[in-house]
Protein chains: 2
Amino acid sequence: MPFPAATPPDVLDPRIEALVNDLIGRVADKWTMLVLEVLIAGGIMRFTRIGEAVPGISQKMLTQTLRQMERDGLLTRTVHPVVPPHVDYALTDLGMSLGEAFCGVWEWAETHLERIEATRQAFDARK
Amino acid sequence: MPFPAATPPDVLDPRIEALVNDLIGRVADKWTMLVLEVLIAGGIMRFTRIGEAVPGISQKMLTQTLRQMERDGLLTRTVHPVVPPHVDYALTDLGMSLGEAFCGVWEWAETHLERIEATRQAFDARK
DNA sequence: CAATTCAGTTACCAATGGAAAGTAGGCACC
DNA sequence: GGTGCCTACTTTCCATTGGTAACTGAATTG
């Protein structure tokens, strides 16, 4: 059991609740954020390029993340039927807008990087 | 092996790289985002209240998420030595600033909810 | 003395994610 | 004409993560 539901029997439509949560879970995903960033920086990119640009991602997670983003309309996938295969990925306007929405978070991370490092070490030292 | 490293031998200090990635992984975490939101909305809150306000979280993940956020200096944990136990959680200014940085993302999610739903169904129908 | 309350642990098990090898299919090389 | 390479994936296997639910401790209440 997670937690007993909040005592006031949820004011919001549970279907909307579920959708928002699902969306948050999707959008807040580490790999989605990272792929989004490299596509904003790099424009139209191919599978392998994206993989190289996202540090630590596996091919499995890359395909999975790209498919999800395509399904949500964040990017388009264009297959050129040649050999060897050539597939282009490009952000849609929706994907771009999400990237812009995340700008604040990137800036926050850069700004407070050092402060967090220090805080962590202090915390670990006291335990 | 994930992917071969980018051919130009990483221009950035790998330690900074690692830190940024770690931070993104932390901050982009679903539960962190959700806990952050309820604490912004609710101010100082106790363990059980937060659990009720975050739909679907387990006690295990709640303690884990709260500990991480404390370690990163996003919130403070105050124990009142009484029985039954009473523990207060409150965002720090750092936590608040992260919440503000995320505002754009929340708005984006609300704004584009329906559009994404439609896009998904179209995608699923064509497969 | 039994039940309740809060803020957690703990034990167990299912699902997720990573590493590496395999696949398709045409082309270049020897 | 067989060997190997190229790209964009799948697939398999295994370690780690995360969820479920039961348990803990200590004082107060009935």
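Predicted model: local features only at pLDDT ≥ 70, side-chain atom pairs only at ≥ 80, totals over all residues.
How many nonpolar, polar and charged residues does the surface near DNA strand D have?

1. On the opening question, the surface near DNA strand D has 10 nonpolar, 6 polar and 3 charged residues.

2. Who sits there? Of the 19 residues around DNA strand D, those that come nearest are A:Thr48, A:Pro84, B:Ser58, B:Met61 and B:Val83. As for the elements, at least two residues of this surface come from each of helix H3 (47–53), helix H4 (59–71) and S3 of chain A, and from helix H4 (59–71) of chain B.

3. S3 of chain A also belongs to an open sheet of 3 strands, with antiparallel pairing and the order S1-S3-S2. At its edges you will find strand S1 (45–46) and strand S2 (75–80) of chain A, each pairing on one side only.

4. Looking at one pair in that sheet, S1(A) and strand S3 (residues 86–91) of chain A are joined in the antiparallel sense over 2 bridges. A handy landmark is A:Arg46, which stands opposite A:Asp88 in S3(A).

5. Helix H2 (residues 30–42) of chain A lies across S1, S2 and S3 of chain A, and runs at about 95° to S3(A).

6. Now to the two protein chains: 44 residues of chain B are in contact with 44 residues of chain A. On the chain B side, helix H1 (14–27), helix H2 (30–42), helix H3 (47–53) and helix H5 (93–125) each supply at least two residues. H5(B) gives the largest share, 17 residues. By class, this side of chain B has 25 nonpolar, 10 polar and 9 charged residues.

Key:
Residues numbered from 1 in each chain as written. Chains lettered and ligands numbered in written order. Pairing = 2+ DSSP bridges. Helix = DSSP H or I, 4+ residues; strand = E, 2+ residues; numbered from the N terminus. Contact = placed C-beta atoms within 7 Å. Axes fitted to C-alpha atoms, helices over the stretch in contact; angles between N-to-C directions. Near = placed C-beta within 6 Å. Nonpolar A, V, L, I, M, F, W, Y, C, P; charged D, E, K, R; others polar.
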